[in-house]
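Thank you all for coming; I would like to walk you through one model this morning, going from its charged pairs to its core and then to the contact between its chains.

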Amino acid sequence: MVWTYRTAVSIALIALLFGINWALDQYVIDYIVRIIMQCGINAILAVGLNLINGTTGQFSLGHAGFMAVGAYATAFAVIHLESWLGFNASNIPAPWMQGLLLSVGLLFGALFAGLAGLLVGAPSLRLRGDYLAIVTLGFAEIIRLIFTNTEALGGATGYSGGRPLGLPVYTNFFWVFLWAIFLITLIGNFTFSSYGRALRAIREDEIATEALGINTTRMKVLASVISAAAVGVAGGLFAHLMGTIRPDDFKMDRSVAMIVMILVGGLGSVSGAIIGAIFVGVTLEAMRDIQQYRLLAYSLLLIGLMIARPQGLLGSRELRLPAFLRRKRGGAA
Amino acid sequence: MSTFLQQLVNGLSVGSIYALIALGYTMVYGTLGLINFAHGEVFMIGCYIGLYAAFWLGYDALAAASFSPMSATLVLLLAMAGAAIVGMLIERLAYRPLRGAPRLAPLITAIGVSLLLQNIAVLAFSANPRKFPSIITEHRLEFAGVTITNIKIFIFAVSILLMLALEFFVKKTWTGRAMRAISFNLPAAKLMGVPADRVISLTFAIGSALAAAGGILFGLDQTKLEPLMGNMIGLKAFIAAVLGGIGNIRGAAIGGLLIGVAELMTAGYISSGYRDAITFVILIVILLFRPQGLLGVVRQEKV
């Protein structure tokens, strides 16, 4: 019974996305579509980062590094898959095949970014607060410097798979939002499961949580891996939207932008993260003409927010669907 | 062998600049438990103040040699004073309203302040790199196959002098004792009548002045300055402070020198592309195996 319901919802959702994708293609200029896609990618970034920074309370300043790993791994996988399957400039894959290639690439992106999350998280999550922030920042810098110094991946000039036109632009509305909905649902469910409760307990008091018999290190590393994998997917979508990726795309400003997203919406709130992601995506574009003041405005926003409303827009509360739209579930909230 | 000695000399000179900046991090962390991310930007601003001060004092690029040592000293002092004011303003406007807030809020604010100063600097000084005036004429000395410039010796000497002065100040004066009291236990220090806000403000002023001194020395050494340079150098200096044991003044000095030498050894023997990476590797290794730093003391966490 549950399965048929879920299958129906999924199919309806896919059809809806497909319809919107078609409509956007027909009636809306590319520029707007691009902003919408950017907001979707931001939403994945924010929800991913929020799992570790907000829900678990382990402040990472280095998620740009995981995004870089995801972007490079996805691009690398897509490029090699294509040449393995015999696609080239004169034999371009069909649109459905493009999406499939991208999605397989994104799986690789998630895998490698998750692995990076494990490698970074396992040792560094023993540290707390600002030390953790600095160590994650250090790891992100190391990741960036490795990409900068790896000639096989294009070095400092960036990776375009050795193609003059850059990486194939396969990211479109449909795939961004399919992945976004998938990942947000996944992380949302995780956040409100017993695991998520353990993560929130760690945020409130780690020692007490440990005393209750929860393996806090394991939980923190698990959250770190999931968070990194999600951010890696966003990186892969970003790579195939931009057409080229450079190590300098993943500097500390990128991590700070993600942090702004989750702070605006409210640290620890999934829906808040999405609101923040859209806010950042839209304001970034709105301020395109006054670009030199953009980061200035960001930094003032950051300082003002911390002094006036450190909990962000929603705090750790969630926006929920109005009661009449919610499906009754037996007991579980 | 001569490569080794050459890199050692260069490393000590760069390292002493890191050490000067690290002192500011360590002092602020010692008193407030805050990583002052904006400290690297104070260093950058100090550097720019020095640049403008030099021109204001009549520096002429065509007749650089005629710039007197007296004026050069004045440039240093003006930069230190200017940066001290900037540091106190940052503390007053951004950090003091958050005293007593949860730990993350000041950290995020500090990142915000750092971004803010970077962007103000881009607007005020333009993003293009500027050449720092050579207010001291460079002389080269050849010594056993190693080139040492008078500037490198000057950098090392000034840094050591300033560090000794700070050590004296913190250990021997009333205000220094107040600083140590605050870093040991803020509420208790307040109860003993230490004017905490004033002392913390002074801590920022001194730390910023030292960063500005580092900025002038950096300008003399590297000659190129840009608004975003404070970011990476600030991070390295912070890592130096962590390496030495954060909150520990001698530790910061040793950490700075070690980082400088490690960096140039990597550049000399491995690849200059990994010059920046080695600092972060050191950070990660030290935090994983000796989080209290080389000279730090373990503070047991109490439940």
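Let me begin with a definition: a salt bridge is counted here when a side-chain nitrogen of Lys or Arg lies within 4 Å of a carboxyl oxygen of Asp or Glu. Before I use it, please note that this is a predicted model, in which local features need pLDDT of at least 70 and side-chain atom pairs count only at pLDDT 80 or more, while totals for chains, interfaces and linings use all residues. Residues are numbered from 1 along each chain as its sequence is written, chains are lettered from A and ligands numbered from 1 in the order in which they are written, and side-chain values use heavy atoms, with hydrogens and water left out.

Over all chains the structure holds 17 salt bridges, and one of them joins R275(B) to E263(B), with the closest N and O atoms 3.1 Å apart. That pair links distant parts of the chain, since R275(B) belongs to helix α11 of chain B and E263(B) to helix α10 of chain B, twelve residues apart; helices here are DSSP runs of H or I with at least four residues, strands are runs of E with at least two, and both are numbered from the N terminus. How exposed or buried are the two partners? R275(B) counts as partly exposed at 25% relative accessibility, whereas E263(B), at 0%, is buried, where buried means under 20% relative accessible area, exposed over 50%, and partly exposed in between, with a 1.4 Å probe and protein chains only.

A second pair, D276(B) and K236(B), meets in a salt bridge of 2.7 Å, N to O, and connects helix α11 of chain B with helix α9 of chain B across 40 residues. Here D276(B) is partly exposed, at 21%, and K236(B) is buried, at 4%.

Turning to the core, a nonpolar core is a set of buried Ala, Val, Leu, Ile, Met, Phe, Trp, Tyr and Cys residues joined through side-chain atoms within 4.5 Å. The largest has 204 residues, and those with the most contacts inside it are I245(A), F37(B) and I135(B); helix α8 of chain B (residues 196–222) gives the most to this core, with 15 residues. Leaving aside neighbours within four places in sequence, I135(B) is in contact (heavy atoms within 4.5 Å) with residues including Y59(B), F67(B) and L220(B).

Finally, the interface: 35 residues of chain A are in contact with 41 residues of chain B. The area buried between the two chains, that is, the accessible area (1.4 Å probe) that they lose on being put together, summed over both, is about 3400 Å², of which carbon and sulfur atoms give 81%. D130(A), Y131(A) and I134(A) supply 18% of the area that chain A buries against chain B, more than any other three residues. How many salt bridges cross the interface of chain A and chain B? The rule finds zero.
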